[in-house]
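Subject: Structure handover

Hello,

Please find the structure below. My notes on it follow.

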Amino acid sequence: MNRTAALVPAAGRGERLGPGEPKALREIAGVPILIYAVSALASARSIDLVVVAAPQSDVESVTALLSQQSFSDKVSVVAGGDTRQESVARALIALPTDVDVVLVHDAARPLVPIELISAVVGSVRAGNPAVVPGLCVTDTIKEVNEHGDVLATIDRDPLRAIQTPQGFDRELLQRAHAELDESQGIFTDDAGLIEEMGVPVKVIEGHVEAMKITRPFDLAIAETIIAKRRASGVIT
Ligand code: C5P
């Protein structure tokens, strides 16, 4: 049987959110960010198992937290690394051999809709070895120098703001992580590694609710989305 796994890098400190617990353990509307993200993945029929890369100092508490959830039988926890790339690599090593498609989803995107998860899996299973969700860019984008002087205005039409989950053929993603380390540059997503190998990456339509929690303002937006979902009877 060919199974699909989701890896959740959740080991970041989240310093741009201000002082406090690691980002994945901060709460929105009374629930830790990580629980929303893992719940969405574990609830997707297209996902068979979830591996969470937790902050090294919080592996026990994250394991205990996840073990209390209704979806706990689908989830395991590993210790994350010093960078996102290392956290993903550590989760990848923990996968069973019968997994052939892997999604990587940032814990920092807790409200990802299940339809987006399924669309990414579907696109990989349809033959695209690397798939990422993306949204058109709405702001005008300018390149500046270190003094804040504008160097150029970039044509935004061909630009996309890339989200997660990103989906991959497992063997390809494993090869990318084995061949490329941080001496070849800092990759802020997994598709970046695949591009570096010269393999095509497909962009599908993303979703505004797959937004990333980075700054305190993002928490307020997420709370609004959760309130809207609860009011319409959607459990998040
Ligand atoms: O820092 P940034 O928001 O780009 O992090 C994206 C994701 O990578 C977050 O879910 C974060 O928890 C994770 N991460 C990680 N290990 C690190 C740094 C970040 O798993 N060392």
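This is a predicted model: local features need pLDDT of at least 70, side-chain atom pairs count only at pLDDT 80 or more; totals for chains, interfaces and linings use all residues.

A residue is called buried when its relative accessible area is under 20%, and exposed when that area is over 50%.

His 177 sits in helix 5, which covers residues 170–179. Its side chain makes a polar contact of 2.9 Å with the side chain of Asp 190. Leaving aside residues up to four places away in sequence, His 177 touches Asp 190 and Leu 193, and also Gln 85, Val 88, Ala 89 and Leu 92.

Now the protein as a whole. It has seven helices and 12 strands. The C-alpha trace spans about 50 × 40 × 35 Å along its principal axes. A compact globule of 236 residues would have a radius of gyration near 18 Å, and the protein agrees with this because its own value is 18 Å.

Of the 236 residues, 47% count as buried. Among contacts with a separation of 6 or more, 72% are between residues 24 or more positions apart.

As for the surface, the accessible area comes to about 11,700 Å², and carbon and sulfur atoms hold 52% of that.

Regards

Conventions
Residues are numbered from 1 along each chain as its sequence is written. Side-chain values use heavy atoms; hydrogens and water are left out. Helices (H or I, at least four residues) and strands (E, at least two) are DSSP runs, numbered from the N terminus. The radius of gyration is taken over C-alpha atoms; the globule rule is 2.2 Å times the number of residues to the power 0.38. Buried means under 20% relative accessible area, exposed over 50%, partly exposed in between (1.4 Å probe, protein chains only). Contact means heavy atoms within 4.5 Å. Accessible areas come from the Shrake-Rupley method with a 1.4 Å probe; for residues, only the protein chains shown count as cover. A polar contact is a pair of N or O atoms within 3.5 Å; within protein, one must be able to donate a hydrogen and the other to accept it, and residues adjacent in sequence count only if both atoms are side-chain atoms.
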